[in-house]
Amino acid sequence: MKIAIAMATYNGAQYIQEQLQSFVDQTRQPDELIITDDCSTDQTEAIVREFAKIAPFTVEFQRNEKNLGYCGNFNAALMKTTGALVFLSDQDDVWFPEKIEHMIGVAERNPDALVVMNDAALTDGGLNEVGLTKAGQIRSAGFTMDSFVMGCCCAVRRELLDFCLPIPAGVKGHDNWLVQFADGLNAKVVDPVVLQYYRRHESNESQFIANRTTKVTRTQMRWQSIKNLLKHTTSDQIRTQLEQSILFADGVANAKLCAPALYSSRLDLLERRYRELISVTEQRLTIVNKNFLPRSISVFRMLLSGGYSKANGYRSAIRDVLG
C-alpha cells in the first residue's frame, strides 16, 4: 500500500522541523510527502527544501501563487497526493514512531472505512503533555465521536479522495469536508490509541472547546453553549450554516457522478438529508428576521412539527427565539 502525507504549511518555521523528523522516525515511513505552502514569510520553505535533500522518501514542495487559506491550502496538498492511504498533517504536531504502521493495520482490519482516525495527546506549546487526549476531552464534554473531525488525526483512502475532491472554495474546513463524507457514509473508524502529540499554542487555527489543555466538563460545555447563544448574531450563524450545507449537498451530488456504484444509495440518502436540512435552515433564517412575538410563535410551530429535529433540536429553537 502506497502511503502519502499531505501537509499544509504557513509560517511554520518554529515547529515544523520536529514534525518532519517524526516522519523519518516512523517504523513504516511514507512513500511520499506532499507539502503546499501558503505564501509563508518565514524560513518554512528553506527548512523544507533542506529536509527534502536528505529525506529517505520523496518530498514534493509547492508554494502557492497566492494565499489560499487553511482549507484551500490543504485541498491543494491533497490534490497532489498519489497514495492509496493519505495521512493529513499539521505543521506543528509530532507523530509517535508507530503511527503510520499502526494506522495501516487499522485500515486493513476495516476495509470499508474511508477515514480512519487515531487519538492525540494534548500538549502545550513546548510539547509538554497535560495528561489529556483529544478523544477524552470530547467524551468529557458530552459529545459523541461524531464531533471528532480533527484532520491531523485522519488517514483517508484514495477511494474517498477520488470522488470528494476538489474541496469547493468557501468550505470552512478540509477535515469537516472529508469526515462529513465518511460519517455520512457510515465509513469512519476511530481507533483509541494515542499516536501523536497535538500541540496547542496561540497560533492554532481551531478554538474548539475540546482542544483546551485543561479538562473540559459537561457543565463548562453548557456554559459555553449559553455564551455562544448570547454572543453571536443568530441570523449570521444560520446564514453560514446554510451556505456550508448547500456547498456540502452540492458536493455530494457531484460525488454521485463519479463514486463507485456501491456508494450510490448511501450518497442519495446523504444528499437527501442535507437538502432537508437546507430547507429547515432557510425556514429558520426567515423566522429569526421576524419581530419577537411572531418569531416565537413560528419557532413553537416549527418545534411542534419536528423541524428542529433536523437542526440540533431545542438548542437551535432557543437560539432562534433570542434572535
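Which residue follows helix 7 with a positive phi? Asparagine 186 does, and its phi is near 55°. Keep in mind as you look around that this is a predicted model.

Helix 7 itself runs over residues 174-184, and most of it is covered up: eight of its eleven residues are buried. If you want to find them in the structure, click on His174, Asp175, Trp177, Leu178, Val179, Phe181, Ala182 and Gly184. An α-helix has 3.6 residues a turn, so residues three or four places apart point the same way.

Now step past the helix to alanine 187, which sits in the loop between helix 7 and strand 9 (188-199). Is alanine 187 buried or exposed? It counts as buried because its relative accessible area is 1%, and the cut-off for buried is under 20%. Who surrounds alanine 187? Setting aside residues up to four places away in sequence, it touches Asp112, Ala113, Leu114, Val115 and Ala182. Take leucine 114 from that list: alanine 187 and leucine 114 are 73 residues apart in sequence, yet their C-alpha atoms are 5.3 Å apart in space.

Most residues other than glycine have a negative phi, and most peptide bonds are trans. With that in mind, here are a few more places to check. Asparagine 11 has a positive phi of about 45° although it isn't a glycine. You'll find asparagine 11 in the loop between strand 1 (3-9) and helix 1, and with 30% relative accessibility it counts as partly exposed. Leucine 127 is another non-glycine with a positive phi, this time about 70°. Leucine 127 belongs to the loop between strand 6 (115-123) and strand 7 (129-133). With a relative accessible area of 18%, leucine 127 is buried.

What about the peptide bonds? Look at the one from leucine 165 to proline 166: it is cis, with omega near 0°. Proline 166 lies in the loop between helix 6 and helix 7.

That brings us to helix 6, which covers residues 158-164 and includes arginine 158. Is arginine 158 buried or exposed? Its relative accessibility is 18%, so arginine 158 counts as buried. Its side chain makes a polar contact of 2.8 Å with the side chain of threonine 81. Beyond its neighbours within four places in sequence, arginine 158 is in contact with Thr81, Thr82, Gly83, Ala84 and Val86.

Next, let's see how helices sit against each other. Two packed helices are described by the angle between their axes and the distance between the axes. Which residues of helix 1 and helix 2 meet? On the helix 1 side they are Ile16, Gln17, Leu20 and Val24, and on the helix 2 side Thr44, Ile47, Val48 and Phe51. Sorted by class, this contact has six nonpolar, two polar and no charged residues.

Helix 9 and helix 10 (residues 264-288) make another pair, with axes that come within 9 Å and cross at roughly 160°. That angle makes helix 9 roughly antiparallel to helix 10, because the cut-off is over 145 degrees. Helix 9 passes helix 10 in a left-handed crossing. By class, the contact between helix 9 and helix 10 has 15 nonpolar, five polar and eight charged residues.

To finish, zoom in on alanine 253, which is part of helix 9 (residues 234-256). At 22% relative accessibility, alanine 253 counts as partly exposed. Apart from neighbours within four places in sequence, alanine 253 is in contact with Glu271 and Arg275. Alanine 253 and aspartate 268 are 15 residues apart in sequence, and their C-alpha atoms are 8.1 Å apart in space.

Terms used:
Residues are numbered from 1 along each chain as its sequence is written. This is a predicted model: local features need pLDDT of at least 70, side-chain atom pairs count only at pLDDT 80 or more; totals for chains, interfaces and linings use all residues. Side-chain values use heavy atoms; hydrogens and water are left out. Helices (H or I, at least four residues) and strands (E, at least two) are DSSP runs, numbered from the N terminus. Buried means under 20% relative accessible area, exposed over 50%, partly exposed in between (1.4 Å probe, protein chains only). A polar contact is a pair of N or O atoms within 3.5 Å; within protein, one must be able to donate a hydrogen and the other to accept it, and residues adjacent in sequence count only if both atoms are side-chain atoms. Contact means heavy atoms within 4.5 Å. Axes are lines fitted to C-alpha atoms, for helices over the stretch in contact, and angles run from 0 to 180 degrees between N-to-C directions. Angles under 35 degrees count as roughly parallel, over 145 as roughly antiparallel, 65 to 115 as roughly perpendicular and the rest as oblique. A crossing is left-handed if the near helix is turned anticlockwise from the far one by less than a right angle, and right-handed if clockwise. Ala, Val, Leu, Ile, Met, Phe, Trp, Tyr, Cys and Pro count as nonpolar, Asp, Glu, Lys and Arg as charged, and the others, Gly among them, as polar.
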